[in-house]
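Today's notebook page is open and the viewer is loaded. I jotted these entries down as I went, so do follow along.

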Amino acid sequence: MRVLLFGAQGQLGREIFEILSEKHRVIPLTRSQADIADLDRVLKLIEEISPQVIINTAAFTEVDTCELQKEKAFLVNAIGPRNIAIGAERVKAKLFHISTDYVFDGKKEGPYYEYDPPSPINVYGWSKLLGEKMVKEQTNRFFILRVAWLYSPYRNNFVKTILKLAKEKEEIRVVDDQWGTPTSARDVARQIELLMRTEAYGLYHCTSQGSCSRFEFAQQIIRLSGLKTRVIPVKSSEFPTLAKRPSNSVLENFMLKIQGFDIMPEWLESLKKELPRIIEGLKENE
């Protein structure tokens with residue numbers, strides 16, 4: 001298949017490119033090559049390339065900065081996906097759009113299902129929710145995948161931050177009142193590759209199996225990496241941020257499971273597998 005990939009330099013974009021390039025022709029576009037908020041530019045690129053599949057991983061993901069730059073957040077996270085969806089409809093391409101757990105307020109007890117009503121608590125969440133809505137308005141050939149707590153060897157993420165801090169300090173403080181599911185970006189790429197072969201369009205939650213707190217996540221990163229740094233549990237109130245964060249970000253892959261599509265692994269098993277790649281990447285950048 002001919003696949004057009006927006007956001008190719010992000011951590012998910014890079015993993016998607018590596019996985020899909022083994023079997024498909026992938027055309028990667030970076031932010032400098034394609035400003036997704038520019039409708040004319042997006043439509044021109046899509047019509048010139050005429051892909052069979054379009055994957056949009058481009059987003060403004062700096063959650064606190066979104067509070068300060070509301071217009072940019074909605075341009076990139078809502079107008080951008082709309083533009084891509086318009087282009088996808090013109091060339092009759094399948095569209096994969098990546099969304100987030102932050103469309104929920106985090107107050108539910110237990111995991112969130114696709115049928116649970118969204119209720120964002122920050123600008124980032126609202127902009128991503130509107131992006132989902134705009135995609136649905138412009139094309140019927142969409143896969144919207146909500147992901148959470150992504151990590152990879154690329155860009156900034158929780159795993160890399162913990163590893164760096166653990167090498168600098170004897171103890172680190174990590175919140176124990178935020179829950180979610182650590183998810184490897186590479187696993188999401190493999191899930192996309194499976195869905196690409198179908199026409200099972202719709203909204204999906206796409207995270208690893210199981211859940212943990214940020215504190216437990218950090219503990220396992222330290223343990224598996226063989227470091228001796230102590231991890232101290234603290235409350236979120238000790239780390240005030242500009243944007244509110246949902247305390248519960250656990251997503252249930254309900255729609256993947258009932259159709260027999262769910263290939264996402266258990267989160268700890270995936271972390272064990274991916275951690276050596278991340279550690280090696282950090283060594284190369286030292």
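**Entry 1, a serine in a strand.** I looked up Ser184 and found it in strand β9, residues 183-184; strands here are DSSP runs of E with at least two residues, helices are runs of H or I with at least four, and both are numbered from the N terminus. I note that this is a predicted model, where local features need pLDDT of at least 70, side-chain atom pairs count only at pLDDT 80 or more, and totals for chains, interfaces and linings use all residues. Residues are numbered from 1 along each chain as its sequence is written, and side-chain values use heavy atoms, with hydrogens and water left out.

Is Ser184 buried or exposed? Its relative accessibility is 1%, so I filed Ser184 as buried (under 20% relative accessible area, with exposed over 50% and partly exposed in between; 1.4 Å probe, protein chains only). A polar atom of the Ser184 side chain lies 3.1 Å from the backbone nitrogen of Arg186. Beyond its neighbours within four places in sequence, I listed Leu150, Tyr151, Ser208, Ser270 and Glu274 in contact with Ser184 (heavy atoms within 4.5 Å).

Next I checked Ser127, which sits in helix α5, residues 123-138. Ser127 counts as buried because its relative accessibility is 0%. Its side chain reaches the backbone oxygen of Tyr124 at 2.8 Å. With neighbours within four places in sequence set aside, Ser127 touches Ala73, Phe74, Asn77 and Ala78.

I then turned to α6 (residues 158-168) and α8 (residues 214-225), which pack at about 60 degrees with axes 10 Å apart. Axes are lines fitted to C-alpha atoms over the stretch in contact, and angles run from 0 to 180 degrees between N-to-C directions. I wrote the pair down as oblique, therefore: under 35 degrees is roughly parallel, over 145 roughly antiparallel, 65 to 115 roughly perpendicular, and the rest oblique.

Which residues of α6 meet α8? I found Phe158, Val159, Ile162, Leu163 and Ala166, facing Arg214, Phe217, Ala218, Ile221, Ile222 and Ser225 of α8.

Last, I looked at α2 (residues 39-49) and α4 (residues 70-91), at about 30 degrees and with axes 9 Å apart. I therefore call α2 and α4 roughly parallel.

Key
Polar contact = N/O pair within 3.5 Å; in protein donor to acceptor, adjacent residues only side chain to side chain.
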